[in-house]
Amino acid sequence: MECRLTQAAPGDAWKCQVSLRYEFNDETGKRQSEVREKLFGPLVTDPSLLEDILRRAQLAILNPSVDHGKFVDFDLSLLNALHPPLGSTKQLQFSKNVVCLDLAGESVTDLSFIDLPGIISNVAPGEDRGNIDLVRNLVTEHIQGNCLILLTLTMRDDLENQSAAFLAKQVDPKGRRTIGVLTKPDTLQHGEEGAWLAILEGQRHPLFHGYYMTKQPATRELLEKLSWEAAREREKEYFDSTPIWAKSSATNRLGTANLTKNLSRLLSGLIDQTLPKLRLDASRSRENTRQLLTKLPPAISENPSAELLRMISTFSSEFRNYTTGLSEYASLIQQCKPAYEGFRDAIRATAPDFRPYTAKEKRKYAQLTVRFKDPEDDEEKSNSDEDEEDEDEDDDDDDDEDSDEDGKSGKSKKTEPMYVDEVQKYIHGSLTRELPFNVPFSAKEGLIRKSMKEWEEHALDCFNIVRECVADQLDTLVEKHFGRFARTTLLDTVFAIIQRLIEKRQDETVTRLKWLIKLEHRPYTQNHHYLSSYRDKYLSKYRGERRKKNKAREEPGRAGSPVNSNRAPTPDMFPSLDSFMQSPQTMNSPLQGPRGAFPSRGTPMRSNSTPLMPQRTGMPPQQQQQQQQQQPPPQQQPMMQQPQQQAQPNIENLLSQLSAAGYPVKSHSDLERLFASDPYEEVMVVMAEVRAYWQVAFKRIIDILPLAIDEDFLCGLEQETMDTLMEGLGMVGADNSARAAEFLAEDPEIVEQRDQLAAKLARVEDVFGRLSKFKS
């Protein structure tokens, strides 16, 4: 029972309003989401009627199966200890719900207190033994905190045997909040007063606020319907007429009047001390409750279809942000980027590794380059040649054969080298009915396809990495937006729908990627400038490597002259002949004419290669072919360009200049051998064209494939996510409300937790508001 006393203004009549506060569920013992306080009966203005009204109110609390209004006028004489009143299914012995009294009177002190049931240690046969713990927990709960504990101790039993004193000691070990009240002094036997007098005077079991003693009306006096004033007068007569109490040093602690007066003073002091802390605690409790509420998912709206549609839309919108790579959603694109870079590196490692020398020559001459860099990489470095030479010194064929055999290295596996004689053998293996001096296009096409045989594998590896990143991101988003409905079928259904969509887009994307790789197997490009530029660069590199080999071959025979005079001159003994033909002495010679009397070293001596693209001459291919057929062989051109009568003096002049430069050229036959073409020239042209086209295809595929993955997979998923979820969850049918309600059925524990927190927040807000207005 909770009593809220208020001192009325002088002249105001005494009044009391009884109400019932339903705060707990009696069956489960749990706090209800909403606290209800209902008025019980009319306002009472006659104090003599209050006792019966309180008994009826207690019956209403203890019989929750009966409407409380039926007990307002209930005839108490009809009570039967064996049968619950008014058809109640069960009458409780104790309840956590409370009977409240709002009492005001001129002689009443401002005070609020809760009358708790006495501690019990046993129950009658057939009664619920759980009531023992119920009462103990109820008392312990109410005496926690900052309240004053009015410890009522009956003098009919020793203090040491009373559990209430033990509980008060537990929650208030220093006794700062406990006030002892000794009752029923008239029940003491002769000689028992001394022990209790010592307690009253603080000699035994002392408390910080001490003890008080009261005498309430006995049972026969209650039957007389004594008024409150009469009861207080008889109490005063008892203490004045009992010598042991009247002569005590603690007479100011005898009687209810002294108790209520001191309680008001102590309560005011306690309020002054604890009010700031109470306000702080209330504020903290309010904020903590709000935080707990925000951590719970919001309550489902009354329109489940609209709520489920909102969830699908929010999920799809956030996934769209990840696929577009907005600043705060950049993680997905950042995870995919290394896959595309790895694909680029893997494709670059498949470049044809043509070597313009034979394997035998490589083992014989250590100065030869092992692996050629991309010409574009060379252009990016001012000292590219030196870097290439440094790299070559650290590389060898053994590394090419042994490194990364199991594919476990962090770098992409390099292509096996293909030497010039091997390329020549491959070309010969492709010959069918071609005329002499013609390279079949199928040979070039075969070399190109051979270099691209691993492209599909690398493309699928790249896509699998992207797929895993996207799938992980979608799983995270599904858990975030639908995870709260794990107990229904919604979460599993969404996971299944998204998985099927991923598999669908995966199949379509893989088909597209294979199609793109298949396109590259048929050589074609309109990027003629890029192809021609790379052809010239690689052809220059291959020719330069041949000159490096010839120079290495020449050095063992040097003895102060370009070659040993005892050895017959051969064309590959003179690697610097091109520079000699470009010297000022030779350029000014009448031999040079408009285009030079002799072809420069390294120029093909016959048309023996079918190009991948038309030569840049400004005329149609057929006209170029006719012109080439009309031209005599290069060996005969110098004789045709000059009159027959001038050829002999010019040749003699050239022989003298070459001889002066250190070349052992004495006759016309020596000169012809000197200007003979490289035997692998046509093979190097094929190598340069294949390598140049591979570079064009490489630049094309490393861009188009990531774009295809992005468009077909990422964007495809993003564009289909919302519609697929709508259809998969049945939101496009007629009964979507029923399906949505089934999907959005909340976890009962979450609902209960949210309701309890909302009810607690309402109470704390009310307490905080009252404390803010309270003045001590």
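## Basis of the model

Residues are numbered from 1 along each chain as its sequence is written, and side-chain values use heavy atoms, with hydrogens and water left out. Because the model is predicted, local features need pLDDT of at least 70 and side-chain atom pairs count only at pLDDT 80 or more, whereas totals for chains, interfaces and linings use all residues.

## Confidence

The mean pLDDT (the predictor's confidence in each residue, from 0 to 100) is 79, and 78% of the residues reach 70 or more. Over residues 379–411 the pLDDT is below 50, although this stretch has 35 contacts (heavy atoms within 4.5 Å) beyond near neighbours in sequence.

## Helix α4

Helices here are DSSP runs of H or I with at least four residues, and strands are runs of E with at least two, both numbered from the N terminus. Helix α4 (residues 193–200) is largely enclosed by the rest of the structure, because six of its eight residues are buried (under 20% relative accessible area, with exposed meaning over 50% and partly exposed in between, for a 1.4 Å probe and protein chains only). These buried residues are E193, W196, L197, A198, I199 and L200, and what covers them includes β6 (149–154), β7 (178–183), β8 (211–213) and α7 (243–246).

## Helix α6

In helix α6 (residues 228–241), the buried residues are A231, R232, E235, Y238 and F239. They cover an arc of only 120° around the axis, which puts them on the same side of α6; the arc is that of the directions from the helix axis to the C-beta atoms. The buried residues of α6 pack against β8, α7 and α8 (256–295), while the face turned away from them carries the exposed residues E229, D240 and S241.
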